[in-house]
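The following exercises are to be worked with the sequence and the coordinates at hand. Each task is followed by a solution that goes step by step.

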Amino acid sequence: INEGVIYMKWYEANTIDELKSMARNALENKARLLDMNCILGLNIDLEPIFGSNYSMFMVSATGTACKI
């Protein structure tokens, strides 16, 4: 979907399920902009990142937009 373009955005969420839902919604919106109606091979990875005063997750979502 991103054709090699790095897409980064900050989100605040209370649960991991919310993070996954936001990532899926972002891919769905991008697929719609490409006039596609399906995402094949959706994969959402969460990687914890810890700092001295904070912790967060890096979310990576990939899939192939298509029209069926």
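Throughout, a residue counts as buried under 20% relative accessible area, as exposed over 50%, and as partly exposed in between, with a 1.4 Å probe and protein chains only. The model is a predicted one, in which local features need pLDDT of at least 70 and side-chain atom pairs count only at pLDDT 80 or more, whereas totals for chains, interfaces and linings use all residues. Residues are numbered from 1 along each chain as its sequence is written, and side-chain values use heavy atoms, with hydrogens and water left out.

**Exercise 1. Overall layout**

Solution. Helices (H or I, at least four residues) and strands (E, at least two) are taken as DSSP runs and numbered from the N terminus. Of its 68 residues, 13% count as buried. The accessible surface, computed by the Shrake-Rupley method with a 1.4 Å probe, comes to about 5,500 Å², and 54% of this belongs to carbon and sulfur atoms. With contact meaning heavy atoms within 4.5 Å, residues 24 or more positions apart account for 51% of the contacts that have a separation of 6 or more.

**Exercise 2. Salt bridges**

Which side chains meet in the two salt bridges of the structure, and where do the partners lie?

Solution. A salt bridge is a side-chain nitrogen of Lys or Arg within 4 Å of a carboxyl oxygen of Asp or Glu, and the structure holds two. One of them joins the side chains of Glu28 and Arg24 at 3.4 Å, N to O; both residues lie in helix H1, four residues apart, which is about one turn of the helix. Glu28 is partly exposed at a relative accessible area of 27%, and Arg24 is partly exposed at 34%. The side chains of Lys67 and Asp35 also meet in a salt bridge, at 3.0 Å, N to O. Lys67 lies in the segment after E2 and Asp35 in the loop between H1 and E1, so this pair ties together parts that are 32 residues apart in sequence. Both Lys67 and Asp35 are exposed.

**Exercise 3. The loop after the helix**

Solution. Most residues other than glycine have a negative phi. Asp35, although it is not a glycine, has a positive phi of about 60°. In the loop between H1 and E1 there is also Asn37, which, neighbours within four places in sequence left aside, is in contact with Cys66, Lys67 and Ile68. Asn37 and Ile68 are 31 residues apart in sequence and 6.8 Å apart in space, C-alpha to C-alpha.

**Exercise 4. A nonpolar patch**

Which residues form a nonpolar patch on the surface?

Solution. Patches are made of residues with over 30% relative accessible area and no salt bridge, where like charges are joined within 9 Å and nonpolar side chains (Val, Leu, Ile, Met, Phe, Trp, Tyr) within 5 Å. Ile16, Phe57 and Val59 form such a patch, with about 220 Å² of accessible area together. Ile16, in helix H1, is partly exposed with a relative accessible area of 39%. Val59, in strand E2, counts as partly exposed at 31% relative accessibility. Leaving aside neighbours within four places in sequence, the contacts of Val59 are Leu19, Ala23, Ile44, Asp45 and Leu46.
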